[in-house]
Amino acid sequence: MRKKLVVGNWKMNGSRAMVVELLTDLKARAPWPSDVAICPPMAYLGQVQAELTGSSIAWGAQDVSAHNGQGAYTGEVSATMLTDLGATYAIVGHSERRTYHAENDQLVAAKAKAALAQGVVPIVCVGETRAEREAGHTDAVVQRQLAAAIRSMGARIGEVVVAYEPVWAIGTGLTATPEQAQAVHARLRQQLLAATPAAAQMRILYGGSVKADNASQLFAQPDIDGGLIGGAALKADDFDAICRA
Ligand code: PEP
């Protein structure tokens with residue numbers, strides 16, 4: 001039995017005051033039936049670490065460098081540093097990173113490998129654009145993206161979290177139907193199973209306009225093991241309801 005995981009991706013939102021306000025509210029609502037984590041902007045990771053000490057809410061980064069340790073990589077944050085802070089997760093390959101920062105499958109796989117090497121669990125995002133779905137290329141795209149991570153990590157792929165996030169559903173209010181999402185998740189799990197038997201226990205999250213009113217139908221699907229939540233993670237009522245869905 002896989003325990004559900006709900007991860008809030010705050011994207012480039014927040015302030016020191018908002019961190020205190022939202023986390024104070026969320027901590028008062030714990031526990032939830034699912035595992036819960038938040039990924040704030042890097043600037044607030046230290047504050048979040050302090051706020052969440054002793055809480056059941058895990059936390060992580062929205063990205064991580066492909067380079068570990070220390071070095072001349074201006075602007076980068078290594079998994080070594082995330083481990084030093086106590087982070088559990090690092091999102092890699094979010095479509096906004098792929099689109100706005102030209103991150104390709106190889107770079108995303110290298111980031112995932114770097115995170116895992118330092119004990120940070122990568123949340124590897126895959127997903128097709130609207131044009132790719134309409135052209136019937138959904139499976140080819142997500143399987144190519146996932147294959148790069150499998151090649152890079154081998155059987156250790158069993159230690160990552162995968163997030164299926166159709167690009168056309170992110171921040172648009174459009175959501176994949178539970179059936180559309182389940183179909184992709186089932187095929188991703190088959191692909192993972194070919195790499196490791198641990199895939200049966202791996203969590204594959206769905207992301208893309210998950211809200212309080214559609215989460216339970218999505219999470220009821222057999223291969224949907226929780227969600228990666230953007231906009232709705234910024235409101236305690238919405239995020240709490242999704243974590244209970
Ligand atoms: C995301 O940022 O990963 C996401 C799914 O955003 P939203 O929930 O706002 O669509």
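Me: Which residues have the most contacts inside the largest nonpolar core, and how many residues does that core have?

Reply: This is a predicted model. Its largest nonpolar core has 76 residues, and Ala90, Val124, Ala149 and Val162 have the most contacts inside it.

Me: What is valine 124 in contact with, leaving aside its neighbours within four places in sequence?

Reply: Valine 124 is in contact with Val92, Gly93, Val108, Ala112, Ala149, Val160, Val162 and Ala163. A contact requires C-beta atoms within 7 Å. Valine 124 belongs to strand E5, where it is the bridge partner of valine 92.

Me: Why is asparagine 9 called buried?

Reply: The cut-off for a buried residue is 20 or more other C-beta atoms within 10 Å. Asparagine 9 has 26 of them, and it is therefore called buried. Its place is in strand E1. Not counting residues up to four places away in sequence, asparagine 9 touches Cys39, Gln62, Ile91, Leu228, Ile229, Gly230 and Ala233.

Me: What makes glycine 231 partly exposed?

Reply: Glycine 231 has 18 other C-beta atoms within 10 Å. Being buried takes 20 or more and being exposed takes 12 or fewer, so glycine 231 is partly exposed. Glycine 231 lies in the loop between strand E8 (226–229) and helix H10 (236–244).

Me: Which residues does the UniProt annotation "binding site" cover, and what is the largest C-alpha distance?

Reply: According to the unreviewed UniProt entry, the annotation covers Asn9, Trp10, Lys11, Gly171, Ser209, Gly230 and Gly231. These residues are spread over 223 residues of sequence, yet they cluster in space, with a largest C-alpha distance of 13.8 Å.

Me: How do you know that E1 and E2 are paired, and in which sense do they run?

Reply: Pairing requires at least two bridges. Strand E1 (residues 5–9) and E2 are joined by five bridges and run parallel. With helix H1 (residues 16–29), E1 and E2 make a right-handed β-α-β unit.

Me: How many bridges join E2 to strand E3?

Reply: E2 and strand E3 (residues 58–61) pair in the parallel sense over two bridges, and the cut-off for pairing is at least two. Alanine 37 has alanine 58 as its bridge partner in E3.

Me: What makes strand E4 covered on both faces?

Reply: Tyr89 and Ile91 on one side and Ala90 and Val92 on the other are all buried. In a regular strand, side chains alternate between the two faces of the sheet. E4 pairs in the parallel sense with E5 over four bridges.

Me: How does the span of helix H5 (residues 105–117) compare with the expected value?

Reply: H5 has 13 residues and reaches 18 Å from its first C-alpha to its last. At 1.5 Å a residue, 18 Å is expected, and the two values are close. The buried residues of H5 pack against helix H3 (79–85), strand E4 (89–92), strand E5 (121–126) and helix H7 (138–153).

How values were computed:
Residues numbered from 1 in each chain as written. Predicted model: local features only at pLDDT ≥ 70, side-chain atom pairs only at ≥ 80, totals over all residues. Right-handed = clockwise from strand over helix to strand, strands pointing away. Expected span 1.5 Å × (residues − 1). Contact = placed C-beta atoms within 7 Å. Core = buried A, V, L, I, M, F, W, Y, C linked by C-beta atoms within 7 Å. UniProt positions renumbered as here; feature names shortened; annotations may be inferred.
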